[in-house]
Amino acid sequence: INAEYMGLYIGQIFYLLLMSKFNNYVIAFDKFKDCLTAGQLCKLTQAAIEKNLHSPLLKVAQVPLADGGDGFLEAIEAFFNSRKQTAHSPHKYDNYNLTRIKRDATGPMGNQIPASYLFLEPKEGSGLSPIAFVEQAAVSGLWMIPVPQRNPFTTNSKGTGELIMEAYKKGAKDIYLGVGGSATVDFGIGALQAIGLKVYKGKKEEYPDSYILTGGDIKDITEIDVDKKLLPGTTVHLISDVNNLLLGPNGCTYVYGKQKGAQDNELPILESYMAKMADLVKIKTGKDVSNIPKVGAAGAIVAGICSCADYQLYSGIEFVADLLGLENVVKESDVVISGEGAFDKSTLEGKTVSHVIKLAKKYNKKIIVICGVNRLYAEAIKGLGIDVFDLVSRFDTDSCFKKTEECINIMLSLIHISEPTRPLYISYAVFCLKKKKIQHTP
C-alpha cells in the first residue's frame with residue numbers, strides 16, 4: 001500500500017469521525033451569472049450533501065440569495081413558499097397572500113416578452129395595504145440580449161415601468177424594485193414614461209405613450225415634467241447592490257457601460273447624456289440627484305425614480321437577508337455553504353457572499369465558498385478563515401460555462417467538510433482524491 005492510498009484510507013476514517021458533529025447545513029448561494037440561478041445552486045448542493053452524508057440527524061436549509069439584481073423575485077418567492085412548508089415564528093408578511101402575476105411587457109430590445117411580478121394581497125380584515133415586488137433584471141435584463149447585440153443606445157427600460165404601473169393601479173402602496181442586471185444606461189427614462197412622466201423634445205413636443213424611449217433618445221430630450229410627483233401615495237423601495245454615483249469614473253457609465261455594449265469612444269457620449277438628465281431634473285426641481293449614493297445603479301434608473309417619486313434606498317443583500325431571516329438560520333447551523341460566479345475583491349466590498357461570510361464568522365461557523373473563478377490571493381482567503389473551491393482551476397473554462405452543474409456536482413462530491421484546522425494527513429488524503437477524480441473527468 002503506497003503513501004497515497006494509505007493517506008486516503010486514514011482520511012476516510014477521520015472524515016467519518018469528524019463529520020459526525022456536522023449535521024446542520026445552510027446553503028446560501030448567489031447566482032452564477034449566465035450559468036445557474038441561486039435557487040438551482042442551492043438545490044444541487046443539497047442533493048450532493050444528502051447523497052454523500054447519510055446521517056439520520058442531517059438537516060439542510062436552502063436560502064437562495066439576491067442583492068436586488070438577477071434572482072430577486074426568486075429569493076422573495078422562496079421565502080414565502082418556505083413559510084408555507086415549515087413551522088416558523090410570526091412575520092409581518094403572514095397577513096398577506098402572495099401571487100405571481102404574469103403578463104406581457106416591453107423587453108429591453110423593444111419587443112413584447114413574457115414578464116411577471118409578485119403581488120401581496122392583504123388578508124381580509126388585516127387593515128393592511130397591498131405590496132408589490134418587481135425585478136428589473138427579469139424584464140429589462142442584460143442577460144436577455146446576446147453579447148454581439150448589446151447596445152445601451154438602443155435598449156430601453158419601459159417594461160420595468162409597465163410592471164410598476166400595473167402594481168400601482170392594483171393598489172400597491174409599497175413597491176419594492178430590485179435594481180441591477182439591466183441592459184440599459186438610460187436614466188430609467190423608458191420606465192419613467194411608463195409610470196406617467198411627460199417627456200418632450202424640440203419645442204415642447206411630447207413623446208407619445210406608445211413611443212419606446214431608449215438611451216439614445218436622450219440626445220433629443222429637451223424637458224421632463226419631474227416637478228409633478230409620480231405614483232402619488234406610493235413609495236418605491238429601491239433595492240440595490242451598488243453604491244455608485246451617477247457621474248464620474250465610478251459612475252454608471254464608466255463602471256457598467258462597456259458590459260452593456262458601449263465602445264470606449266461611446267462612454268463620453270453616454271456620460272454626457274446622464275449629466276444632461278441630471279441638469280434637466282435640477283432645472284425643474286432644484287434637486288441634484290448626481291450626488292445621491294446608489295443612483296448609478298441599473299443604468300441610473302435609481303436616479304430617475306429619485307427625481308420624481310417617493311422613494312427609499314436599501315442595500316440589496318441586507319434587505320433580502322433580513323427578510324429571509326438569514327442570520328437566525330446561520331446561527332442554528334454547523335456549516336454554511338455559499339458562493340457566486342466570481343469571488344474577488346468586489347465580493348468583500350459588500351456583495352452577497354461577503355454578508356454570508358460575516359454572519360458565519362459572527363457565530364463561529366465553518367464556511368465553504370464555491371465559485372466559478374477565485375481571484376483572491378491565498379493570504380486574503382487565509383485571513384478570512386474560510387475554504388474556497390473554484391471551478392476554473394479544476395476544469396477547463398468551456399466546461400465551467402457549458403456544464404456548470406456537472407462540474408459543481410463533481411466538486412461537491414470531493415469537498416472535505418471538516419475543521420479549517422484539520423490535520424495535514426487528512427487534507428492530503430482528500431487532495432489526492434480530488435486530483436485522481438478530476439484527472440479522470442472527461
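A pocket is taken here as an open set of grid points with protein on both sides within 12 Å along at least five of seven lines, and its lining residues have an atom within 4 Å of a point. In this predicted model, the largest pocket holds about 1,300 Å³ of space. Its lining comprises 46 residues, and Lys-33, Asp-241, Glu-340, Ser-346 and Lys-351 are those nearest the centre. Helices α10 (316-324), α12 (352-362) and α14 (397-402) are the elements that each supply two or more residues to this lining.

The protein chain as a whole contains 16 helices and 16 strands. Of its 442 residues, 53% are buried. Among contacts between residues at least 6 apart in sequence, 71% join residues that are at least 24 apart.

Strand β14 (residues 366-371) is largely enclosed by the rest of the structure, because 6 of its 6 residues are buried. Lys-366, Ile-368 and Ile-370 point to one side of β14, while Ile-367, Val-369 and Cys-371 point to the other. Burial applies to both sets.

Between β7 (residues 199-201) and β9, the antiparallel pairing extends over 3 bridges. In this arrangement Tyr-200 is placed opposite Glu-223 of β9.

Helix α9 (residues 301-308) is mostly covered, with 8 of its 8 residues buried. The buried residues are Ile-301, Val-302, Ala-303, Gly-304, Ile-305, Cys-306, Ser-307 and Cys-308. Their cover is drawn from several elements, including helices α5, α6 (189-194) and α8 (267-285). Strands β6 (174-179), β10 (235-240) and β11 (310-315) are also among the elements that cover α9.

Helix α5 (residues 158-169), one of the elements covering α9, includes Lys-158. The Lys-158 side chain has no salt bridge although the residue is buried. Its nearest side chain of opposite charge is that of Glu-162, 4.6 Å away, whereas a salt bridge requires a nitrogen-oxygen separation within 4 Å. Beyond its neighbours within four places in sequence, Lys-158 contacts Thr-106, Gly-190, Ala-191, Ala-194, Asp-209, Ser-210, Tyr-211 and Ile-212.

Gly-161 is also located in α5. This glycine is buried, with a relative accessible area of 0%. With residues up to four places away in sequence excluded, Gly-161 touches Ala-191, Ala-194 and Ile-195. Ala-191 and Ala-194 are also among the contacts of Lys-158. The C-alpha atoms of Gly-161 and Gly-188 are 8.6 Å apart, and the two residues are separated by 27 residues in sequence.

How values were computed:
Residues numbered from 1 in each chain as written. Predicted model: local features only at pLDDT ≥ 70, side-chain atom pairs only at ≥ 80, totals over all residues. Heavy atoms only, no water. Pairing = 2+ DSSP bridges. Helix = DSSP H or I, 4+ residues; strand = E, 2+ residues; numbered from the N terminus. Buried < 20%, exposed > 50% of the residue type's maximum accessible area, 1.4 Å probe, protein only. Lys, Arg positive; Asp, Glu negative; His and termini not counted. Contact = heavy atoms within 4.5 Å. 1 Å grid on protein atoms, 1.4 Å probe; cavity = no way out; pocket = protein on both sides within 12 Å on 5 of 7 lines; lining within 4 Å. Points joined across faces, edges and corners; volume = space filled by probe spheres on them.
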